[in-house]
Amino acid sequence: MIPQRELFWNIQGVWIFYLLVSVSILIFAAGMLARVLSWARGGRGLKYSFSLNCLSDLLLDVFLGRRIFRNDPGAGTSHLLVLWGFLGLFAGTSMLMVDHYLYHCLTGLSYLLFSFLMELFGLMLISGLCWGLVRRFIFKIGRLEKRWADLVVPLWLLVAALSGFLLEGSRMAAQEPAWGGWSSAGLLTSYLWGGHDAALSSYRIIWWAHALVSLGLIAALPFTKLFHMLASPTALYMSALPEEAFLPEQTVKAGQALSKRALVFLDACTRCGRCTEVCPSAASGEDFSPRRFLLSARKREAVNYGTLPAAFLFGKRDVPAESGESIYNRIWNCTTCGACADACPAGISTIEVINCIRSEAIEDGTDVPQLLAKTLESLTKHDNPWGAHRKKRFEWSQGLSVPSISGANPPDGLCYFAGCTTSFDTRAQMIARSFVSILDQAGVNFFCIGKDEPCCGDIARRVGEEGLFQFQMENCVELFERWDIRDLVTSSPHCFNSFKNDYPLYMSRDDSQKAGSFRVRHYTQLLKELLEQGKIRFERSIPSRVTFHDPCYLGRYNNLFDAPREIISAIPGVEMVEMEHYGADSLCCGGGGGRMWQEDMTCKVTISERRIAEADAAGAQMVITACPLCLITLEDAVKTAGLEQTLRVLDLNELILLAMGKREK
Amino acid sequence: MTDTIVCIKQVAEVEDADIVLNDDKTGVLKDDLVMGINEWDSYALEEAIRIKESSGGKVVALSLGDEDCQDILRRALAMGADEVVHIDKNGFEGSDAVGVARGLASVIGKRHFDLLLTGVQGSDDGWGQVGIILAEILDLPFASLVVRLENHEDHLTVYRELESNTQQIVELPLPGVVTIQTGINIPRYVSIMGIRRTRNLPIAGTGAGQLGLMNSEIGTEGSCVESRQLFIPSDEANAEMLEGTLSEVCEKALSIIREKGGTD
Amino acid sequence: MKDILVLAEHMRGGLREITYELLDAANQLAGENGLLSTALLLCGNAQGMPDDLGPFCDKVLVMEHPELENYNADPYCKALERVISLKRPFLTLIGHTANGMDLIPSISYRLGIPAVTDCLEIVLKGDRLECMRQIYGGKIFERIRLKNSDQYMLSLRPGASAGRGLAGKEAELEHVPPPDWGGLRGRRFISLYEPEIDDVDISTADVLVSVGRGIGKPENIGVVKDLVEALGAVLSCSRPVADKGWLPKSRQVGTSGKTVKPKVYVALGISGAYQHQEGMKNAGTIIAVNKDPRAPIFKFAHYGIVADIMKAVPLLKELLDKN
């Protein structure tokens, strides 16, 4: 016998099979189409572009599952097995169809290889699935849910794969091919059957069973978690695309708040829970988790904008009963730290979804937390979120003779943009005072905007008040153009991030404005340069164990980790230690995303206290920050945690000034 | 369906500000001050919008002031008002409550409405009269200091705030006038985008001349006030101010509390 | 002889304190200008109230009618209109209370009598009337001179006048027949209502620690709660804090909240606006902490501390813990 496979060997009523296939494919196609079309409903658009870099990244993430291996090699391996097993078998089935309908190529050696590979893929699939089920239900890994759906779908796949082996076994028992050795698993299975006839009748039954299970799986695919096979790669690709600015003319009507990308994100979520594991809010015991939020959002989309059957199928019962509680209550905990977006293997940025819904809540107006509303109103009226009168903005510089913009002389040199928090908060004012002292010592030619310094608008953007953000942005840009300011340095990573990443986005869509016509740096970058140029010298030794807290908006958002560390390490006497979570894994201090200006979200150990505990555990005596919000929140946490005797929180500027042998009162 | 008219006023916000009087001490210098909607009126406006949302009908907002008060009228539009009218301040300067009420009434009187809302008082002058005088001019039943409002289409049940944590339940037939007290609701946040979207919506404007009001009825001539002299009260504190470092001061305070409070 | 008419306020069969304050002010002005003071009682059943009024004025007018049983602007306005048209008093004084505020604008407009509300001080110089009141939340005072008129109407702020001053008069009693009640606009009094308090009754506490707008945000109240517990005191607040829902309304001290007379009242971040002052001015010892040295509360507190309450409160607690 020539090694080959006859597709419908000994099967009657093949027409039924074709019917089933058609039905299955129809349902599959309809489901896929429905879900993909639902993405198109999204409000804000994207600049669709193609980039080779993006594509290669995508391929690595999809086919090698790079992100899934992060922090959990077991997950990475089991997923890879399942993925390749599945793809291999899919390719194999396609080959069979080609072989049967087009060109009989699987014959002889090619068939033997084919058979061997199919077994390999099948075993990979089965072992991957089993491992996955064991991790979830027996090892009971925390972040993995244990619902019926999490059991049924893998089991279904498992049954399909196992039935495939049984099918092969019974066929081999019936055919008794000489090349059985190439399909050892099948051969082993074939021993289940005693005789030729028993095997044959079994074969027929198993054939139809296998067909039904497999076709059923295909049809159900768009309606189960397996849909992530399309949604997740799409999400991964889209997450790399540059965002489009939100135009004020676009009305955020109900149903339009979410961008197209956000809708894809909702569908791409496989509920793996990595986001919740790294979320500072969830970890502090607050009533928030990114996963639960995404699923609420998904449910809301399905229930409000999908059809009822869709709502049922897409997981109406997925989310724990919220009894009519508005999703608007679930969005204010997020500090926008970005840890979840970093951790998600599907590239989902929960922050973006939260931001979309925050915009909707702001436009609606009735469910905005009162303190936040007051802060935004203060920003509109007084140009700062602190409710302080505009006149007092430059008071931090008292006694320091800092050059500022005046009517007579146009400013020259570097513009130091202090920012709202640094200007008004008494503790944070030390950042500005220290920084200008350092600049003076280093002989840098700089100036400040003074009491007319506007707010960069970042907080408005983070809480979803796009209109206010654009209003502030227009003010800032107009001021920069009026005074021809082209080189900025900021205290706050938030201002820095806004100027660097958000402003060009909005400016470039308006042709009359020059996009990115100014350079902006964070002060850590400038100080590192000054150190390298020898303009800053460390005269004093600071014998202390020092750790650096990476601000989210400097580190995770803008990949700037090294400069502060290089500076700190250059200080004589300093022993640098790292906290458990540092660099890109840094734990948020809890001050971002508008949290600074909101009511306390009751929880036992606050986000900031957790971070301080880490500093303590690392044996640090000093925690150095590079952000005014981090400085304030962490210092508060030291007090509430009772660690004032052992731990000190300082801004990098203050440390540098100390090491330079100067002291700022 | 309840058609509501709301009167709103723009006032200078003085909470955190330093107030400076003008030269002849008859008024306050407004240059450095931020203007905003009168606190009581923002509650009234929110209540009007809520009535529209639950019972249907229209909301019309009126404001008597200079052209800056168009800001608060835009805010009303952004919140959901159907129409807004600006009565120009020209001719009304120096009016007392009756003069202002006459101005507003000359616009309101020509319209159909079920309910007229105003705030209890203005945070600047604190007269607390305009809403009720409007009721008199229009010959309508009224209730003031309302902290809770239940709409029954042809009448309202309102809860008036009295002293000592007591309230008075009153039934008011419609059409009628209600002055709204703070705390009745939580005014919604109005986004900048929301306000920008009202940019192209019309604000009807009118003035004393068009309304046919005579100088004897409004302005300084029509006012019962002959003169006003403002003064900033002396800074003198009558309290014994405790001196020293914060620790010392706190110690003293604690000993006072212990001594006078009879606590353990 | 011209007279000063005072509208007596009553609740549940008894005269309210404001009535005596108004009569005291009326008597002062009457004495200085050779006028008479008259009290007007509009009620359902006068009971002993005319006798209570007797020592404090020259004349007591009583109008009794079921329509006037409970305060209602419609019949009260009509009644007052009747009395004023009949008696033509030179000056009518009403309290700037919830009911007074309700009444004075309509009656003054109806009769075309110039009116000024919420006065702290009244000065009568011959025919010209001058009054002093606050504007901009108490930051500024104004002295208003009214134009010439036969009659005036003023509302007086509760607490502005000392209270039961002059006694020892013997008032003439006169019953005024009620007007024809036709043409009322249909406002109906239903009932009085006291919202449920399932919370501590702050009026029974010996030591109250009260927070005001200066607390900044509700999460800061937690720090104060710690201090309150350590002191064995009770937490209360001013109106803005209750309006925002940061503390229940049952904790509110002030004219529309509770009037309290604790042994010690500690006011944290409270400016001292009169409505609040009214609610606590009779406390044994008032200690005020505020970062604004010009806060009105320092004018009537016994002890003052100029400090940031968020610094002072934790320090107080710390010192308390140490002892």
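What follows is a short exchange on an interface and a sheet.

Modeller: This is a predicted model, where local features need pLDDT of at least 70, side-chain atom pairs count only at pLDDT 80 or more, and totals for chains, interfaces and linings use all residues. Residues are numbered from 1 along each chain as its sequence is written, chains are lettered from A and ligands numbered from 1 in the order in which they are written, and side-chain values use heavy atoms, with hydrogens and water left out.

Biologist: How do you know which residues of chain C and chain B belong to the contact?

Modeller: Contact means heavy atoms within 4.5 Å. By that rule, chain C supplies 79 residues and chain B supplies 85 residues.

Biologist: How much area do chain C and chain B bury between them?

Modeller: Buried area is the accessible area (1.4 Å probe) that two parts lose on being put together, summed over both. Here that is about 7,600 Å², with 57% of it on carbon and sulfur atoms. On the chain C side, Tyr109(C), Tyr136(C) and Arg185(C) lose the most area to chain B, together 11% of what that side buries.

Biologist: What makes Arg228(B) and Glu142(C) a salt bridge?

Modeller: The rule asks for a side-chain nitrogen of Lys or Arg within 4 Å of a carboxyl oxygen of Asp or Glu. The N to O distance for Arg228(B) and Glu142(C) is 2.6 Å, so the pair qualifies. Across this interface of chain C and chain B, the rule finds eleven salt bridges.

Biologist: How do you know that β9 of chain B and β13 of chain C pair?

Modeller: Strands (E, at least two residues) are DSSP runs, as are helices (H or I, at least four), numbered from the N terminus. Two strands pair if DSSP finds at least two bridges between them. Five bridges join β9 (residues 167-173) of chain B to β13 (residues 188-193) of chain C, so they pair, and they run antiparallel. Glu171(B) stands opposite Arg188(C) in β13(C).

Biologist: Why are β6 and β8 of chain A said to stand at the edges?

Modeller: The open sheet has four strands in the order β6-β5-β7-β8 (chain A), with parallel pairing. β6 (574-577) and β8 (648-651) of chain A each have a single partner strand, so one side of each is left without a neighbour in the sheet.

Biologist: What makes β5 of chain A a partner of β6(A)?

Modeller: Four bridges link β5 (residues 544-548) of chain A to β6(A) in the parallel sense. One bridge partner of note: Arg545(A) has Glu575(A) in β6(A).
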